[in-house]
Amino acid sequence: MDLTISSLLFFALLTSSAIATSPCASPPDNSDLSVIHIYGKCSPFDPPKPESWLNTVLDMASKDPERVEYLSTLVAQKTTSVPIAPGQQTINIGNYVVQVKIGTPSQLMYMVLDTSNDEAWVPCSGCAGCSATTFSPNTSSTYGSLDCSVPQCTQVRGFQCPTVGSGGCFFNQSYGGDSSFSATLVKDSLTLGKDVVPNYAFGCIGAVSGGSIPPQGLLGLGRGPLSLLSQTGSLYSGVFSYCLPSFKSYYFSGSLKLGPVGQPKSIRTTPLLRNPHRPSLYYVNLTGISVGRVLVPVDPKFLAFDPDTGAGTIMDSGTVITRFVEPLYNATRDEFRKQVQGPFSSLGAFDTCFTASSGATAPVITFHFPDLDLKLPLENSLIHSSSGSLACLAMAAAPNNVNSVLNVIANLQQQNLRIMYDVTNSRMGIARELCN
């Protein structure tokens with residue numbers, strides 16, 4: 001009998017220890033939210049297993065031009081009508097997700113973390129073209145609808161209301177460049193770790209079209225009125241940070257810290273810039289780029305912030321590889337090539353690939369901001385093939401179209417860094433941190 005009890009106790013201890021050390025387990029104090037890549041072990045999705053790490057990034061980066069073009073169209077208060085045609089959803093995007101609970105009792109959703117969008121939205125039961133996992137409003141005691149008379153309705157991009165009388169707040173939006181959805185603005189309790197946010201306004205999706213709509217929804221971390229920071233008010237004091245794990249870290253997750261408590265004390269910061277025409281985006285003042293010890297010679301107009309045209313540089317969690325306007329990228333790439341022994345070849349989005357033996361002497365790339373220099377670790381500026389024989393400069397030119405005025409510092413260049421946004425004080429900070 002004693003032996004049986006001892007065995008049970010030992011098994012219980014072993015199980016609890018395994019849970020505590022599991023890379024997919026929530027932090028023990030629930031103070032942070034785990035940030036998970038959709039191709040990682042902790043992801044709830046089942047995307048096709050990639051042949052190699054390089055091919056995975058190439059596949060994800062192939063969606064970047066549409067993402068960058070989409071970011072260039074995010075103009076405030078623009079009512080648009082987006083055609084919706086139900087279609088089967090697949091995972092075609094490379095993104096990070098966080099565990100969020102909605103409703104009472106709570107329903108778990110893995111929502112994409114997106115710093116360039118404000119609204120949260122989730123697929124609801126009965127959604128045409130959505131994945132199997134949906135939010136069920138009928139089982140939540142705290143669920144409520146929002147009509148056109150509430151101020152939140154006019155704050156949603158693409159809202160549609162009757163000219164006379166009142167009714168449900170419907171809206172259509174495009175996302176990722178090739179996809180769209182229709183939704184109704186509703187409210188319910190939102191649970192983030194140990195915090196419960198009552199009456200959180202979000203979109204309840206009824207139909208989707210295209211392959212880029214996140215299967216279990218999106219959590220908007222932008223700067224606009226319906227973003228997480230705006231709706232939580234003093235709870236998080238306008239502060240959050242994330243640490244994105246490397247795409248190669250299959251077994252590990254990063255973290256999302258909400259609020260000023262627990263943020264790095266010695267973090268270096270630079271001012272955030274506000275664009276009234278694109279209020280959701282986190283603009284920063286990129287003043288220059290160095291390759292090794294050489295400051296890349298480029299016309300300052302390709303770095304300048306211009307609210308009227310949307311030109312400038314943003315930090316974005318949804319783009320995979322950093323995209324610079326073509327003259328800025330070409331100047332950076334050409335200086336990099338001068339300092340690395342060729343020959344060079346192209347592979348997918350990358351036009352500067354070379355034998356990996358040259359990578360040992362590859363120069364450090366530095367992004368210069370006021371009060372802050374970000375020296376990219378080599379794993380954030382180069383991407384290697386699985387065999388290790390090939391290395392590529394992990395950046396590219398922005399799409400060459402009429403809206404290509406935006407520089408985007410993307411998530412591959414942000415990996416294994418603590419990126420902090422202090423919207424209240426208009427600062428963005430960066431500190432080195434192993435996110436795994």
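Is Cys 204 buried or exposed? At 11% relative accessibility, Cys 204 counts as buried, where buried means under 20% relative accessible area, exposed over 50% and partly exposed in between (1.4 Å probe, protein chains only). Please keep in mind that this is a predicted model, in which local features need pLDDT of at least 70, side-chain atom pairs count only at pLDDT 80 or more, and totals for chains, interfaces and linings use all residues. Residues are numbered from 1 along each chain as its sequence is written, and side-chain values use heavy atoms, with hydrogens and water left out.

**View 1. Cys 124 and Cys 204 form a disulfide.** A disulfide here is a pair of cysteine sulfur atoms within 2.5 Å, and the structure holds six of them. In this pair the sulfur atoms are 1.9 Å apart. The link joins distant parts of the chain, with Cys 124 in strand 4 (residues 121–128) and Cys 204 in strand 9 (residues 195–209), 80 residues apart. Strands (E, at least two residues) and helices (H or I, at least four) are DSSP runs, numbered from the N terminus. The torsion about the S-S bond is about -135°, so this disulfide is left-handed. Cys 124 is buried, with a relative accessible area of 3%.

**View 2. Cys 127 is joined to Cys 130 by a disulfide.** The S to S distance is 1.9 Å, and both cysteines are buried. Here the torsion about the S-S bond is about 45°, so the disulfide is right-handed.

**View 3. Cys 148 and Cys 161 are linked by a disulfide.** Their sulfur atoms lie 2.0 Å apart. Cys 148 is buried at 16% relative accessible area, whereas Cys 161 is partly exposed at 29%.

**View 4. Four strands form an open sheet in the order 16-15-21-22, with antiparallel pairing.** Two strands pair if DSSP finds at least two bridges between them. The edges are strand 16 (294–295) and strand 22 (372–375), each pairing on one side only. Strand 15 (residues 288–291) is joined to strand 21 (residues 365–369) by four bridges; among the partners, Ile 289 meets Phe 367 and Gly 288 meets His 368.

**View 5. Strand 15 and strand 16 make a hairpin with two residues between the strands.** Gly 292 takes a positive phi near 65° in this hairpin, and Val 291 has Val 294 of strand 16 as its bridge partner. From strand 15, Gly 288 and Ser 290 point one way, Ile 289 and Val 291 the other, and all are buried.
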